[in-house]
Amino acid sequence: MSMTRVLSGALPVLGLAVGLALGPAVAPAAADSSPSASPSGDGSAPTEAGTSFRTATEIDQGQTATASGSAGDYLYWSFPADSGRRPTVKATVKLPKSHTSQTWQVDVYDGLRRRQACQYGAQTRTAAAGAASVELACVLRTVRAWSEPWANDPLPGTYYVRLTALGLTAADLGLPIGAELRVDSKDVGGSAAVDGSLAQPLVPGIAVRSKTGQDAKDEKDGSSGPAVLSSIEPDDGWSSGWWSDRWVWTAIGAVLAALAGIGGYTLTRGSGRPRQVPPGA
């Protein structure tokens with residue numbers, strides 16, 4: 001009976017603790033289900049691509065960017081990726097009616113311009129002679145909030161996509177092509193959480209980004225402040241993945257541990273002194 005009373009009194013406490021733990025998790029979970037950067041308000045998407053890392057065209061996640069070019073060109077785009085996200089890059093190359101066999105490849109680089117390996121996806125594909133298009137895909141590893149300096153882990157910041165053809169024949173060089181690129185990401189959750197974070201995301205120009213006061217002073221003086229090479233970032237800001245479901249499971253585990261301690265104490269202490277035994281006996 002004593003054990004029953006203890007558990008009956010503890011169940012409401014467990015329900016309250018679980019409710020408090022899960023309550024704040026609902027809003028972040030709903031927010032994290034969307035891409036880390038949503039399309040722009042006017043719904044327009046870029047219609048051109050850069051030709052180098054410095055001129056890479058900035059795109060938002062969830063947009064389908066298009067570009068026209070020639071076979072043999074290097075096409076570059078850039079997009080932001082925050083911690084706890086697993087980006088997926090999909091590219092489609094529309095080929096001319098007449099061409100020989102062509103091999104196309106999509107490469108992804110992080111903010112330090114380190115080439116990132118694809119977890120899976122057709123990163124390189126060969127289009128047969130006369131094929132109308134070729135589709136490529138690259139699913140990156142989950143972006144980590146922090147990593148060892150010697151590691152090649154993907155970190156928060158700007159990512160670059162390079163699309164190009166490999167080993168083209170002289171007859172195919174310069175042929176007109178069309179390209180479509182789309183980047184989406186999946187929220188992996190607490191399984192990718194790590195202890196630590198970068199001081200700043202790996203975004204070009206962030207080290208020289210001027211402060212608001214300095215910008216106002218420069219504008220007043222008629223001078224220009226330091227150049228900001230990248231202006232795109234997630235809608236909810238960098239390092240938005242500070243919340244993870246680890247907090248929920250940690251709270252639930254603490255409540256269950258407390259209940260287990262109460263139950264163990266109740267079982268080991270027994271039912272107390274029998275009535276027929278006088279005190280001090």
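Which residue forms a salt bridge with aspartate 184, and how far apart are the closest N and O atoms?

Tutor: The partner of aspartate 184 is arginine 182, and their closest N and O atoms are 3.0 Å apart. A salt bridge here is a side-chain nitrogen of Lys or Arg within 4 Å of a carboxyl oxygen of Asp or Glu. This is a predicted model, in which local features need pLDDT of at least 70 and side-chain atom pairs count only at pLDDT 80 or more, while totals for chains, interfaces and linings use all residues. Residues are numbered from 1 along each chain as its sequence is written, and side-chain values use heavy atoms, with hydrogens and water left out.

Aspartate 184 is partly exposed at 25% relative accessibility, and arginine 182 is partly exposed at 32%. The cut-offs are under 20% relative accessible area for buried, over 50% for exposed, and in between for partly exposed (1.4 Å probe, protein chains only).

By the salt-bridge rule, the count comes to 7. Another of them joins aspartate 107 to arginine 115, with 3.1 Å between the closest N and O atoms. Aspartate 107 is buried, at 1% relative accessible area, whereas arginine 115 is partly exposed at 41%. Asp107 and Arg115 also belong to a network of salt bridges that includes Arg162.

A further salt bridge, 3.5 Å from N to O, connects aspartate 153 and arginine 141. Both residues lie in the loop between strand E9 (133–140) and strand E10 (157–166), 12 residues apart. Strands (E) are DSSP runs of at least two residues, numbered from the N terminus. Aspartate 153 is buried at 18%, and arginine 141 is partly exposed at 27%.

Technical notes
Helix = DSSP H or I, 4+ residues; strand = E, 2+ residues; numbered from the N terminus.
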